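Please look over the model below. The notes that follow concern its surface and its aromatic rings.

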Amino acid sequence: MIKRYLSILLILLAFKSTNAQDPVFSQYLFNPLYLNPALAGMDNNFRMFINKRNQWGKIPSKFNINSIAFDSWQNMTNSALSIMYSNNNEGEGILTTNNFYAGGAYRLFDVFPSPIAWQFGFQYQHTGRRVDWSRLVFSDELDHYLGDINSSAFIAPDNSYNTNNIALGTVFTYHIKRGSRMRRRSLIPLDLDIELGAAVHNFVMRPHGFFNSFNNQRKFTFHGSMLWPINKKISGGVKHSALYIDQGNLSTLQIGILEAWVYPLHLGLFYRSQMTSLTDDLDRFESFYFIFGYQKVFEQSNLSLTFSYSRDFTISELSSYTNGTNEVSIILESIEGGLFHGMLHSKRHHKNKYRSIP
């Protein structure tokens, strides 16, 4: 099996440039800081996200990625702070990538009373990669008859490297309220929340590899969603969403065909398509996947806990070889207010109370 991986690696190294896409989560709405730095604090509270993705579990060198993130919004400063850490392994752990992100967001308009909210965000990105050269087999180690019996003359370079970069993003939301007038002609019969966002990761082009032979590829992200609350009697809503990511010669399109929230349950049906700019006739229809979630609200402690599971069913020619993808998300968040909301509110109240004219 190692020999097969080595052959693939040598073929990739034979090209002057290579392109790859960063991991993409199925539950992209439940990992907002990984999606767009401007989504920090978008729900006007503090949140902690734990995400685990196990892709193609039937393949020995499966792709696993884990992430943990935290963000908090403060109404008094009209801004948010966020931190995130992610780790992924490829090639049975031969290649390991660790990412650390720290950033913030600022809102130009508030949701209430204005129906418009427009946020800008940034992230500092630190990436560290490590490869275990001792677990690779090189051609001069192989004997035609006896196999891997020789020692290699390959001089391994540094087994790790670190690089820094930034990510930028923006999100625009518009809330249409039931009963408001449109163009002074008719009343709108429903509530509707519209969200549009865009982000670019790896903004600075710089050498990105163990041999420093090629630059990193910028990742462009575009996403949008529409949410309709069901009615006042039922706590829930219906949502449609879409995500498009372009990086190098690869792009991914994910569509939330239908999501439904009926507290405490969350159900969703999604579609994913993988595309490339190469001329080969590749199968672009990648998978359908389902999401099932459950939310528990602890009103006395101002917290809620959400557990969500998604299962991807591959519909391409790889379907019988990959065993699909499993992903789990856990979200702990406050029902109302940021992490330091009470402290800042008390400070502001104290300052206003004792203000005097000299």
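1. Strand β17 gives the largest share of the nonpolar patch, 3 residues. The patch covers about 990 Å², and I50, F100, Y124 and Y309 are among its residues. β3 (79-90), β17 (303-314) and β18 (325-334) are the elements that give two or more residues. Patch residues have over 30% relative accessible area and no salt bridge, and nonpolar side chains are joined within 5 Å. Strands are DSSP runs of E, at least two residues, numbered from the N terminus.

2. This is a predicted model: local features need pLDDT of at least 70, and side-chain atom pairs pLDDT 80 or more. Residues are numbered from 1 along each chain, and side-chain values use heavy atoms.

3. Y309 lies in strand β17. Y309 is partly exposed at 32% relative accessible area (buried is under 20%, exposed over 50%, partly exposed in between; 1.4 Å probe, protein chains only).

4. There are 8 aromatic pairs (ring centres within 6.5 Å; planes under 30 degrees apart are stacked, over 60 edge-to-face, the rest tilted). W118 and F120 make a tilted pair, 5.0 Å between centres and 40° between planes. W118 is partly exposed at 33%, and F120 is partly exposed at 36%.

5. F270 and Y289 are stacked, because their centres are 5.0 Å apart and their planes at 10°. F270 is in strand β15 and Y289 in strand β16, 19 residues apart. Both residues are buried. Ring pairs join Y28, F270 and Y289 into a cluster.

6. R107 lies over the face of W73, 4.0 Å from the ring centre (CZ of Arg within 6 Å of the centre and within 35 degrees of the ring normal). The charged end of R311 sits over the ring of F313, 5.3 Å from its centre.

Notes
Patches are made of residues with over 30% relative accessible area and no salt bridge: like charges are joined within 9 Å, nonpolar side chains (Val, Leu, Ile, Met, Phe, Trp, Tyr) within 5 Å. Accessible areas come from the Shrake-Rupley method with a 1.4 Å probe; for residues, only the protein chains shown count as cover. A salt bridge is a side-chain nitrogen of Lys or Arg within 4 Å of a carboxyl oxygen of Asp or Glu. Helices (H or I, at least four residues) and strands (E, at least two) are DSSP runs, numbered from the N terminus. Rings of Phe, Tyr and Trp (its six-membered ring) pair if their centres lie within 6.5 Å; planes under 30 degrees apart count as stacked, over 60 as edge-to-face and the rest as tilted.
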